[in-house]
Amino acid sequence: MSQTIFAPWDDPNEKPLIRFENVTKKFGEFVAIDDLSLDIYTQEFFALLGPSGCGKTTMMRMLAGFENPTRGTIELSGQNIVPVPPNKRAVNMMFQSYALFPHLSVRENIAFGLKRDKMDKERIEARVAEMLKLTRLEKFAQRKPHQISGGQRQRVALARSLAKAPKLLLLDEPLGALDKKLRQDTQFELMDIQESTGTTFVIVTHDQEEAMTVASRVAVMDEGRIIQVATPANIYEYPNSVYVADFIGDVNILEGRAKPVGEDRYEVLWHEGVAPVTATSSAPFSDGQTAHLAIRPEKIAISTDRPDNADNAMEGKVLDIAYLGNLSTYHVGLPGGQVIKAQTANTRRIARRDITWEDPVWISWSATAGVLLAE
Amino acid sequence: MRRLSWFNVTSLTLGFAFLYLPMLILVIYSFNASKLVTVWAGFSTRWYGELIQNEAFLGAAWVTLKVALMSSTLATLLGTMAAYVLVRGGRFLGRTLFSGMIYAPLVMPEVITGLSLLLLFIGIGLDRGVLTIVLAHTTFSMCYVSVVVSSRLVSFDRSLEEAALDLGCSAWDAFRLVTLPIIAPAVIAGWLLAFTLSLDDLVIASFTAGPSATTLPIKIFSAVRLGVSPEINALSTIMIAIVATGVITASLISKRASLRAQKEAQAAERASG
């Protein structure tokens, strides 16, 4: 490849833009952030992902300066920003509710932050024009926020927070208020803008699809802790825990006891009277240790005949079919009562698909298709 | 439009008659040509003419107006500040106590408020006059302002202020440039309310007024003790008109503001939907 891959987190000489060091945040007795350390690098599009109440919004509010950590430090370009008030930080935020000033026009909203910097008039004008162009809002400059659509308001909020050219832009559920179609378009727009301005973005979202689409790295959070930080592909293909595997996308979890059967190769005895499944794992498991095989539905093949040469194959009956248009998910019941989800792309027209309800089928997957997890 | 049943019509008539019949009679008799208050002798605006020539009444009216303007402005300032701290200050020590205490003067008997203020002014040796009435009126009307303003602040999106801070505003700039323009209708409504409250107050003013300054309600009350004159009817009619205008304007302003907010929300929904 001619292009160098953007991966500053793999470079030991790279200095992080943001460094959380052993940050704890308590609200009374409630621990919102629990001794958390995290590095975010310049020009990253970093996603904080987790269910509501996991602490992701608190992380963002600490970066903006609206909350202060109970313990620990937060550094921006090597400088501790904990004592710096929000109006003195080179950090801007795009609010979930957009927080557009209703009494000001689109132009005045975008110019608001620039005017606070006592910038001279022509430079403000030029910067506002640039922002209007970037977000394709030129035609709406004189309108008030209530006179434009939800998608346009979202772009005004983005333009306003980008106008001051912050070192770091925080986005709090930026697309939550948009409908699905618009959200997908806007995701790509956000990525374009992030790339063209070179600003570091930190996005907070509970939508895993959104995080996967836009982010260079994703941090999956739960109960004030970061469970895993990795690129979207690694989060999906190599989750480090059942929690992450389950939170991101759809997954089958087969829980059982591991039994080493060769180098990096294990059998998982997961159910009485059912053949053990075979899986590879670079992480070692001792004999009899609890192991969870996490396997994505699309990694499981479904067929009417017994497949040849499959590492794992079992027979079952189709209980349910979820037809999603491009994909179909089959719920296959095994003789022991377990249900395994298998997914196939609908490359053929519906009339010619041959598997239907109650059909006896075979499901199969290779030893490398899943991930073996201790917890 | 739905037709009202006879029962509803009767209750409505009775209720409104109870409320407004005395005032209506007063207004009608203010246009009476006769010098005797209870005898109708034809329509005339004669008493309004005589009123304009009555120096004592005009002086009292001027004092009342001055007091109302100053006290309502002061009350608006203090009431808005109090509302802001109570709604926005977060959970500080004694917040519940303070917010309870700010509403207490609403239900406190005016006689007690007046008496305690009188004792205070005597205690600190302040001569009773315009200043003491202004202070007294500010005291009791600022809690009305604070009620009106805090109800607006409660429904105010907090993130607007955070956005202002985030974009480089100091706390004062955020209040001046973002919060105040948005809550302005409530502040104006609060001012008008305080203004009309001060205009028609008799009890507290009579405790705190001195020989150098008498307000119109006090003047009317003392004049009536010597017998009701048609002039007083004319004066009262004018006061009813002023107070009614103030109250109606205040309620129209707050209603228009909430209607506009509703329309904006609807327009936004349509646009995004």
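Hi everyone. Domain bounds here come from an automatic or database domain assignment. For chain A, that assignment gives domain 1 (8–245) and domain 2 (250–373).

Some ground rules: this is a predicted model, where local features need pLDDT of at least 70, side-chain atom pairs count only at pLDDT 80 or more, and totals for chains, interfaces and linings use all residues. Residues are numbered from 1 along each chain as its sequence is written, while chains are lettered from A and ligands numbered from 1 in the order in which they are written.

Back to our domains. The C-alpha centres of domain 1 and domain 2 of chain A are 39 Å apart. Their contact (C-beta atoms, placed from the backbone, within 7 Å) takes 5 residues from domain 1 of chain A and 6 from domain 2 of chain A.

Now, how many residues of chain A are in contact with chain B? There are 22, and they meet 19 residues of chain B. Helix 2 (106–116) of chain A is among the elements that give two or more residues to that side; helices are DSSP runs of H or I, at least four residues, numbered from the N terminus. The largest share, 3 residues, comes from helix 2 of chain A.

Helix 2 of chain A also packs against helix 3 (residues 121–134) of chain A, at about 130° with axes 10 Å apart. Axes are lines fitted to C-alpha atoms over the stretch in contact, and angles run from 0 to 180 degrees between N-to-C directions. Helix 2 and helix 3 of chain A are therefore oblique to each other, as the angle is not under 35 degrees (roughly parallel), over 145 (roughly antiparallel) or 65 to 115 (roughly perpendicular). Among the contact residues are A:Ile110 of helix 2 and A:Val128 of helix 3. Thanks!

How values were computed:
Contact = placed C-beta atoms within 7 Å.
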